[in-house]
Amino acid sequence: MVMSVRYFENVEVGEDLPPLRKGPLTTMHLMRWSAATENWHRIHFDERFAIEHDRLPGLLVNGSLKQNFILQALKDWVGLEGWVWKVSYQFRAMDLVNSELTVWGRVTTLERQSDFGLAKLQLGIRNSDGRESTPGSATVALPYRGGPAIAYPFVPP
């Protein structure tokens, strides 16, 4: 995917981020993520264990995988010159194997700083039934059109 520059001046309060859709997340997806992150808790790949031992309704989508989806959606939206500064979320409901998840976001506040602008967002992850499992928020830094590049490493205000 080719990413462009998102300028602060082009963002509006109430603007929705493009939804990021993932899934259906199969047992293979969960197993591969568990292997990549060395998270060997059996609730992510051993259905019998998850149901019989931990009394869960099925295999659970890894929290760190959902975290990764949130960060992917934010980075895709801020583009090449923006910075994801703060992210906060809560795991409030279980997402099960074969779920289809959608990361959503909405701009709630815009703040001008001297060298860049800050956009605060409400965000979350919903499953295909519309249930919100992972509500959260984020603050991102965006460059001004014609302004300086945001410093690397990012120095928060």
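Helix 3 (residues 63–78) lies across strand 1, strand 2, strand 3 (101–112), strand 4 (116–127) and strand 5, and runs at about 145 degrees to strand 2. Contact here means heavy atoms within 4.5 Å. Axes are lines fitted to C-alpha atoms, for helices over the stretch in contact, and angles run from 0 to 180 degrees between N-to-C directions. Helices (H or I, at least four residues) and strands (E, at least two) are DSSP runs, numbered from the N terminus.

The model is predicted: local features need pLDDT of at least 70 and side-chain atom pairs count only at pLDDT 80 or more, whereas totals for chains, interfaces and linings use all residues. Residues are numbered from 1 along each chain as its sequence is written, and side-chain values use heavy atoms, with hydrogens and water left out.

Five strands make up an open sheet with antiparallel pairing, in the order 1-3-4-5-2. Two strands count as paired if DSSP finds at least two bridges between them. Strand 2 pairs with strand 5 (residues 136–143) in the antiparallel sense over six bridges. Within this region, valine 84 stands opposite valine 140 in strand 5.

**Backbone exceptions**

Most residues other than glycine have a negative phi, and most peptide bonds are trans.

| Residue | Phi | Relative accessible area |
|---|---|---|
| Glutamate 38 | near 55 degrees | 64% |
| Asparagine 98 | about 75 degrees | 52% |

Glutamate 38 lies in the loop between helix 1 and helix 2 (47–53), and asparagine 98 is found in the loop between strand 2 and strand 3. Glutamate 38 is exposed, as is asparagine 98; by relative accessible area, buried means under 20%, exposed over 50%, and partly exposed in between (1.4 Å probe, protein chains only).

Cis peptide bonds also occur in the model. The bond from glycine 23 to proline 24 is cis, with omega near 5 degrees; proline 24 belongs to the loop between strand 1 and helix 1 (27–37). Tyrosine 152 and proline 153 are likewise joined by a cis peptide bond, with omega about 0 degrees, and proline 153 lies in the segment after strand 5.
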